[in-house]
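Open the model in your viewer and keep the sequence panel beside it. The tour moves from one selection to the next.

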Amino acid sequence: MLKHTALFIDGAWQRPCGEGFAQVFNPATEQVIGQVPLGDERDVDRAVAAARKAFAGWSRTPSSVRAGFIRDLVEQLTARADEMASVITAELGMPVQWCRSVQVEGPIAGLAQYIEIAGLMDQVRQVGNSQVVREAVGVCAFINPWNYPLHQLIGKLAPALAAGCTVVVKPSQETPLHAFLLAQMIEAIGLPAGVFNLVSGPGAKVGEALARHPDVDMVSFTGSTGAGVRVAQAAAPSVKRVCLELGGKSPLLIAEDADLAGAVRHGVQDVMINSGQTCTALTRMLLPASRYAEALELARAEAQNLVLGDPLDPATFLGPMCSAGQRRTVLDYVRVGQEEGARLIAGGTALPSGLDKGFYVAPTLFADVDNRMRIAQEEIFGPVLCLIPYRDEAHAVELANASPFGLSSGVWAGTTEHALHLARQLRAGQCFVNGGAFNYHAPFGGYKQSGNGREWGEEGLAEFVETKAIQL
């Protein structure tokens, strides 16, 4: 069992002011696998003070030196990738088939790009009699989610370090162990004291204290829309910058001329990876009415072929939900869908056969879904897919955009030109065309109630930058 008893503050492991420990459970076995300290507001004050003290020196450090520390962290993560993947599989339940590549190797690649991007901070733009320069925004608070824990942490930390910001990190209570392992790596590379600080604890204490702290210049939050609103409200009195990556209910628009079998297979798998616990999951599949019956059979067959089970089995496609509470939430939505009149064609509320332990939910498909139903409008965050028919492409675009969210989207069509024509009409921060892969060099973020701000790439750096005009 991984027992952590100290917080990482001001470059050292320090005894917390807060009392008690939070247990970390393996969602596949329901066994306790670790513990982390329960920090409180006093620990937040200490961490923010350390970050504030370190900011002046770190922000003035040459970008080449900051890039060197990023390079060293890449090397640490690469050398200990198996260890990190093992920790995340244990605390999250993502199968080993996916965990290393998705949860670890992807973030390493995303981190590595900031070795070069850090140099953008040195650029000076001449505008008339003015020099326009970039400066670090200041002390940043990161409130991280449990579903892609290292991915989301690196997505904030990498550009912050490149810009010259100092940070205080609060990991999720469900999956905090990876953050303590990362802090050990940061200690090993000798990052200056106070640049990176780690305070674990409940969101109501640690998260809100960070969001409202007057010496925090920026807060970056990933989580539900409701929680994001509370973070923004807490941050408002001090007028700090707020970057929010929130919920999604993303559409996959499959055109009539698409390769239906390939599109449906991709769509089902997209939702079921990480057991549906993906903010960008394409959970509304929009299908032409003329091919709807065929698509339902293709989707049912694909869902039934996916292996649900032990995350340590390489054949497992999807593992358990992250927690007992998340499992209850998903099963409640399955019942809501049935009450609303949607037709269950796969999965459901029954305990999956042979899985008497663990927080498992079977891959679940709903047919004959009205886009106005709760299961089509609210983020379920589980392995549940809604299959919705449309009359024509204008109707499909209308359905796709009839959502309070706009984080992601997908289009599958017979030609790239046709797909791009549809993609440009969807109100979302990104669109995956014909199964296109996630790109760490491209900006990531949402429209509408899916949040504001961007992560990754040069746009991710911009979130951590203040722009100054010097008049000569």
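Buried means under 20% relative accessible area, exposed over 50%, and partly exposed in between, with a 1.4 Å probe and protein chains only. Helices (H or I, at least four residues) and strands (E, at least two) are DSSP runs, numbered from the N terminus. This is a predicted model: local features need pLDDT of at least 70, side-chain atom pairs count only at pLDDT 80 or more, and totals for chains, interfaces and linings use all residues. Residues are numbered from 1 along each chain as its sequence is written, and side-chain values use heavy atoms, with hydrogens and water left out.

**Stop 1: strand 8**

Select residues 139–143, which make up strand 8. Five of its five residues are buried. Colour the two faces separately. Val 139, Ala 141 and Ile 143 lie on one side, Cys 140 and Phe 142 on the other, and all are buried. In a regular strand the side chains alternate between the two faces of the sheet.

Two strands pair if DSSP finds at least two bridges between them. Strand 9 (residues 166–170) runs parallel to strand 8, with five bridges. Strand 11 (residues 218–222) is also parallel to strand 8, joined by four bridges. Centre on Ala 141: Val 168 of strand 9 stands opposite, and Val 219 is its bridge partner in strand 11.

Show helix 6 (149–163) as well. Strand 8, helix 6 and strand 9 form a right-handed β-α-β unit. Right-handed means that, with the strands pointing away from the viewer, the path from the first strand over the helix to the second runs clockwise.

**Stop 2: aromatic pairs**

Rings of Phe, Tyr and Trp (its six-membered ring) pair if their centres lie within 6.5 Å; planes under 30 degrees apart count as stacked, over 60 as edge-to-face and the rest as tilted. The whole structure has ten such pairs.

Select Trp 146 and Phe 381. They are edge-to-face, 5.5 Å centre to centre, with 85° between the planes. Trp 146 sits in the loop between strand 8 and helix 6, and Phe 381 in the loop between helix 13 (374–377) and strand 17 (384–390), so the pair ties together parts 235 residues apart in sequence. Trp 146 is buried at 15% relative accessible area, and Phe 381 is buried at 16%.

Next, pick Tyr 440 and Trp 456. This pair is edge-to-face too, at 4.9 Å and 90°. Both residues are buried. Then show Phe 8, Trp 13, Phe 180 and Phe 196, which form one aromatic cluster.

**Stop 3**

Strand 19 (residues 410–412) pairs with strand 20 in the parallel sense over two bridges. Val 411 stands opposite Val 433 there.

**Stop 4: the largest cavity**

On a 1 Å grid over the protein atoms alone, a cavity is a set of points where a 1.4 Å probe fits but cannot get out; lining residues have an atom within 4 Å of a point. The largest cavity holds about 80 Å³ of space. Among its 16 lining residues, Pro 251, Ala 400, Phe 405, Ser 408 and Arg 427 lie nearest its centre.

Technical notes: On a 1 Å grid over the protein atoms alone, a cavity is a set of points where a 1.4 Å probe fits but cannot get out, and a pocket is an open set with protein on both sides within 12 Å along at least five of seven lines; lining residues have an atom within 4 Å of a point. Grid points are joined across faces, edges and corners, and a volume is the space filled by probe spheres set on the points.
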